[in-house]
Amino acid sequence: MIARFMLWALPAWSLIAISCKKTVDVNIDDSPSLYVIEGKLNNSGGCSVLISLTQNYKDSSAFKGVDSAVVTITPEGGAPFKLKEMAKGQYLTYYKGIPGKTYQLQVNVGGQQFTASSTMPQVVELNEVNVTYEKISGDSRYVANATYSDPAAQANYYNFIQTVNRKRAGAVFINEDHLTNGSKVTFPLLYEGNLADSYSSDIRKGDTVQVEMQCIDPVVYKYWYSLKAGASGESIMATPANPVTNITGGALGYFSAYTSQSKKVIVK
């Protein structure tokens with residue numbers, strides 16, 4: 001059968017609502033539902049793990065969280081700490097990650113154990129966010145751009161989150177420095193594919209646009225790359241495939257320790 005799972009974006013300390021989603025169809029032949037784990041830890045105090053189950057293709061798109069999980073994170077050289085279940089499927093705590101440290105996630109739920117590891121990269125400064133008016137494929141529209149200086153000392157991987165009037169785009173915006181190592185980079189947040197599927201509002205004059213730049217580790221970059229390729233039809237696979245994951249034990253999803261910076265601009 002074809003199953004469906006949701007990738008949800010949870011504001012760092014939101015206990016009320018989940019802000020946005022990306023739907024991914026996964027080919028699962030006569031298999032039971034799989035756990036989906038979305039773990040995030042950043043350098044500003046945000047630490048959350050969402051746990052849900054894959055859904056049948058015809059099921060509602062509402063988030064179906066899984067309760068009663070035991071979720072712990074162990075920092076490199078430190079003691080493990082437990083995340084508190086604040087709502088069904090939503091596990092949170094306040095913890096500031098340290099760049100360069102590796103973090104181990106462990107989730108025990110439904111008699112199963114899942115683990116993952118992620119190393120938080122060093123901070124790369126987000127210098128500027130601006131919005132330009134561009135002609136793309138015969139149409140003119142506003143495009144948000146993030147400018148940063150890529151360090152030459154190591155490989156760097158980036159994930160960008162675009163929000164327009166506090167509504168987050170569902171498109172995946174990622175970049176790496178294979179061709180731009182050590183250079184000043186201006187990265188346009190362009191959605192490659194059907195805009196109707198991106199959950200992204202058009203940018204207009206007067207809008208407030210926020211861009212968050214996340215420095216992510218290479219394994220998490222592979223996750224977002226494979227997710228983007230599958231969602232846009234870029235994958236060379238003949239049949240749908242699960243996004244690459246750094247979670248062991250058979251769950252879908254990812255665990256990312258990342259640094260985060262955000263800047264806002266009002267379109268004039």
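**The three-stranded sheet**

Modeller: An open sheet is formed by three strands in the order S12-S13-S17, with antiparallel pairing. Strands here are DSSP runs (E, at least two residues) numbered from the N terminus, and two of them pair if DSSP finds at least two bridges between them. Strand S12 (126-136) and strand S17 (184-188) are the edge strands, each pairing on one side only. From one strand to the next the twist averages 25°, based on axes fitted to C-alpha atoms, with angles from 0 to 180 degrees between N-to-C directions.

This is a predicted model, in which local features need pLDDT of at least 70 and side-chain atom pairs count only at pLDDT 80 or more, while totals for chains, interfaces and linings use all residues. Residues are numbered from 1 along each chain as its sequence is written, and side-chain values use heavy atoms, without hydrogens and water.

Ten bridges join S12 to strand S13 (residues 139-149) in the antiparallel sense. Lys 135 has Ser 140 in S13 as its bridge partner.

Turning to the cores, the largest nonpolar core has 24 residues. Such a core is a set of buried Ala, Val, Leu, Ile, Met, Phe, Trp, Tyr and Cys residues joined through side-chain atoms within 4.5 Å; buried means under 20% relative accessible area with a 1.4 Å probe, protein chains only. Strand S10 (102-109) is among the elements that give two or more residues to this core, and S10 provides the largest share, four residues. A second, separate core of 23 residues includes Leu 126, Tyr 158, Ala 171 and Phe 187.

Definitions and conventions:
Buried < 20%, exposed > 50% of the residue type's maximum accessible area, 1.4 Å probe, protein only.
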